[in-house]
Amino acid sequence: MHIRKRSEIPSSEITPESVYLDRRRFLRLGATGAIGATLTPAALGACTPGDDDSQAADDEQERLTSFEDVTTYNNFYEYGTDKSDPAKHAPGLLRTSPWSIVVDGHCAKPATYALEDFIRPSAVEDRTYRLRCVEAWSMVIPWRGIPLADVIRRAEPTARAKYVEFFTLLDPEQMPYQKTKLLDWPYVEGLRLDEAMHPLTLLATGLYGRDLPAQNGAPLRLVVPWKYGFKSIKSIVRMRFVERQPTSTWMDSNPTEYGFYANVNPRVDHPRWSQASERRIGEFRRRDTLMFNGYGDQVAGLYAGMDLRRYF
Ligand SMILES: Nc1nc2c(c(=O)[nH]1)N[C@H]1C(S)=C(S)[C@@H](COP(=O)(O)O)O[C@H]1N2
Ligand SMILES: [Mo]
């Protein structure tokens, strides 16, 4: 394969992803120690950009989904139900600055933060994760964000805090489908406290090395890589520590089809379709779906002894 050098590429072809990939390659070649560690996508087996020199014939290696697909093929029902709606409508309507986040419920340090104070810059990392939508497609996305555990520790949850409940912004002027009854707004999600504290769980502020585009849930969204994509709630304005399992938006809208746990599981089908395989966006062939989306060695212990058919 001929790989064009940077200077051979006309500037019109320099996409955000080629800038990101070049910088990543540069850092991987040049950096050791602390900087290198934060850039290693440790959580994802071996995930490298598809046009990288190191992309040998290794089946384990995966291509990043293109920036174009990641930012134009979205689910964000506040802007419509078509995959193309969020990219068309969210950027012109969602005001992400100023942005504040409320942390409340059972914790010693409830607070309202401006986004800048909420995100500790030294905690920010780049992490590439697979995202598996319940609709049986998937992507590989280079996220930027902070471990959710970082903000949870700061809040000092009390012994009564068993779950964390998350809320998307409620503002029908900025999110026009909130004027409809498509879902019971605002969009709500939840995690058990130990899932929320797991080192893989990320509060994302960016992707491809830049701030999150509106359609991907700017300025702050959750990413829980071993669960179906609907758990990764977008444009978060509040997180609350609660004692009882929260009712998430999709459980509320259709409890027989969507459970609280929503762990990726090829053996538990959706009532209307199989979850055994998936299509990677940008590809035609189908791939086998992996238990816990491939993160089982890191997260299976959270569910030891649980019947995953019952707790789907
Ligand atoms: N507030 C809100 N968050 C949401 C959704 C939504 O409709 N509203 N869709 C979810 C679903 S179904 C998926 S697959 C992911 C998609 O994230 P992406 O568009 O960044 O790939 O966002 C999730 N978060
Ligand atoms: Mo999804």
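Tutor: Let us begin with a polar contact, which is a pair of N or O atoms within 3.5 Å; here a nitrogen atom of ligand 1 lies 3.0 Å from an N or O atom in the side chain of T168. The protein covers 98% of the 530 Å² of accessible area that ligand 1 has on its own, with areas taken from the Shrake-Rupley method and a 1.4 Å probe. This is a predicted model, in which local features need pLDDT of at least 70 and side-chain atom pairs pLDDT 80 or more, while totals for chains, interfaces and linings use all residues. Residues are numbered from 1 along each chain as its sequence is written, chains are lettered from A and ligands numbered from 1 in the order in which they are written, and side-chain values use heavy atoms, leaving out hydrogens and water.

Student: Which side chain has an N or O atom 2.8 Å from an oxygen atom of ligand 1?

Tutor: That side chain belongs to N74, whereas a polar backbone atom of N75 is 3.2 Å from a nitrogen atom of ligand 1.

Student: How many cavities of 30 Å³ or more does the structure hold?

Tutor: A cavity is a set of points, on a 1 Å grid over the protein atoms alone, where a 1.4 Å probe fits but cannot get out, and its lining residues have an atom within 4 Å of a point. The structure holds one of 30 Å³ or more, and the largest cavity has about 50 Å³ of space, with a lining that includes W143, Y228 and S232.

Definitions and conventions:
Polar contact = N/O pair within 3.5 Å; in protein donor to acceptor, adjacent residues only side chain to side chain. 1 Å grid on protein atoms, 1.4 Å probe; cavity = no way out; pocket = protein on both sides within 12 Å on 5 of 7 lines; lining within 4 Å. Points joined across faces, edges and corners; volume = space filled by probe spheres on them.
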